[in-house]
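Hi,

Here is the structure I promised to send over. Please have a look at it first, and then read on for my notes.

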Amino acid sequence: MIKKSVKVEYSEYETLEELDEIDNKLINKAIEIAKKSYSPYSQFPVGAAVLLDNGKIFAGNNQENIAYPSGTCAERSVLNYVHGNFPKNRIKILAVTALNTASLIPVSPCGFCRQVIVEMERLQGEPMKVILHKIGGSTFVFDAAFALLPLAFDDDILKNKE
Ligand code: THU
């Protein structure tokens with residue numbers, strides 16, 4: 001038996017001034033769209049914004065439903081829209097933020113969203129930077145999305161099917 005471990009690297013920023021102008025722009029878009037979230041059941045508004053390689057910015061928020069599992073997270077709202085409409089464009093940056101959180105560290109995407117984020121990064125063959133921001137708190141930056149889902153389910157497994 002060999003013990004193994006997985007290391008996840010990211011940068012933590014205490015202030016937004018330390019981040020690029022475009023990062024700040026995406027964070028602000030994520031905050032703005034979070035305010036329009038439809039989250040009456042959780043009271044937990046989340047916003048996500050992406051920058052495409054053509055310079056366009058898109059944003060999405062969580063959309064809940066009385067049948068709770070029918071709701072969708074902010075990340076998948078925007079990623080599915082962008083991938084459906086611009087399948088040939090690469091996503092350079094994804095920024096995520098949540099309102100109303102008590103913690104001083106940012107909200108991190110759920111497992112469902114991580115699987116989707118990682119697949120889109122793998123498809124485009126280029127890193128997708130992920131920015132997780134806590135309003136009034138710190139910001140975590142991942143240079144590539146795959147760090148969010150170590151040992152991710154991979155299509156090699158499907159290729160090996162009988
Ligand atoms: N949610 C997101 O939109 N993104 C995340 O990364 C975490 C969770 C939403 C789902 C649900 O509407 C609410 O936050 C509470 O879980």
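Before the notes, one definition: I call a residue buried when its relative accessible area is under 20%, exposed when it is over 50%, and partly exposed in between (1.4 Å probe, protein chains only). The areas themselves come from the Shrake-Rupley method with a 1.4 Å probe, and for residues only the protein chains shown count as cover.

Please keep in mind that this is a predicted model, in which local features need pLDDT of at least 70 and side-chain atom pairs count only at pLDDT 80 or more, while totals for chains, interfaces and linings use all residues. Residues are numbered from 1 along each chain as its sequence is written, and side-chain values use heavy atoms, with hydrogens and water left out.

Helices (H or I, at least four residues) and strands (E, at least two) are DSSP runs, numbered from the N terminus. Contact or packing means heavy atoms within 4.5 Å.

**Helix H3**

Let me begin with Phe112, which is found in helix H3. Is Phe112 buried or exposed? Its relative accessible area is 61%, so Phe112 is exposed.

H3 covers residues 111-124. The expected span of a helix is 1.5 Å times one less than its number of residues. For the 14 residues of H3 that gives 20 Å, which agrees with the 20 Å between its end C-alpha atoms. Buried in H3 are Cys113, Arg114, Ile117, Val118, Met120, Glu121 and Gln124. They lie on the same side of H3, because they cover an arc of only 160 degrees around the axis, the arc being that of the directions from the helix axis to the C-beta atoms. As background, an α-helix has 3.6 residues a turn, so residues three or four places apart point the same way.

Which elements do the buried residues of H3 pack against? They pack against helix H2 (74-85) and strand S4 (91-98). On the face turned away from the buried side, H3 carries the exposed residues Phe112 and Leu123. Just after H3 comes Gly125, with a positive phi of about 65 degrees.

H2 has 12 residues and reaches 17 Å from its first C-alpha to its last, close to the 16 Å expected at 1.5 Å a residue. Its buried residues are Ala74, Glu75, Arg76, Val78, Leu79 and Val82. They pack against S2, S3, S4 and H3.

In H1 (residues 21-34), the 14 residues should span 20 Å, and the end C-alpha atoms are 20 Å apart, which agrees. The buried residues of H1 are Asp23, Asn24, Leu26, Ile27, Ala30, Ile31, Ile33 and Ala34. Their cover includes strand S2 (46-52), strand S3 (57-61), S4, strand S5 (129-134) and strand S6 (139-142). Asn24 has a relative accessibility of 19%, so it counts as buried. Not counting residues up to four places away in sequence, Asn24 touches Leu16 and Leu19.

**The ligand**

Which residues surround the ligand? Among them are Ser42, Phe44, Asn62, Ala74, Glu75 and Cys110, where a residue is near a molecule if one of its heavy atoms lies within 4 Å of it.

- A polar side-chain atom of Asn62 lies 3.0 Å from an oxygen atom of the ligand.
- A polar backbone atom of Ala74 is 2.9 Å from an oxygen atom of the ligand.
- An N or O atom in the side chain of Glu75 is 2.6 Å from an oxygen atom of the ligand.

On its own the ligand has 380 Å² of accessible area, and the protein covers 77% of it.

**Loops**

Most residues other than glycine have a negative phi. Asn100 is not a glycine, yet has a positive phi of about 55 degrees. Asn100 lies in the loop between S4 and H3 and is exposed, with a relative accessible area of 56%. Leu151, also not a glycine, has a positive phi of about 60 degrees. Leu151 sits in the loop between S6 and helix H4 (155-159) and is exposed at 80%.

Val107 lies in the loop between S4 and H3 and counts as partly exposed at 22% relative accessibility. Leaving aside neighbours within four places in sequence, Val107 is in contact with Phe44, Ala98, Thr101 and Leu132.

Best wishes

How values were computed
Polar contact = N/O pair within 3.5 Å; in protein donor to acceptor, adjacent residues only side chain to side chain.
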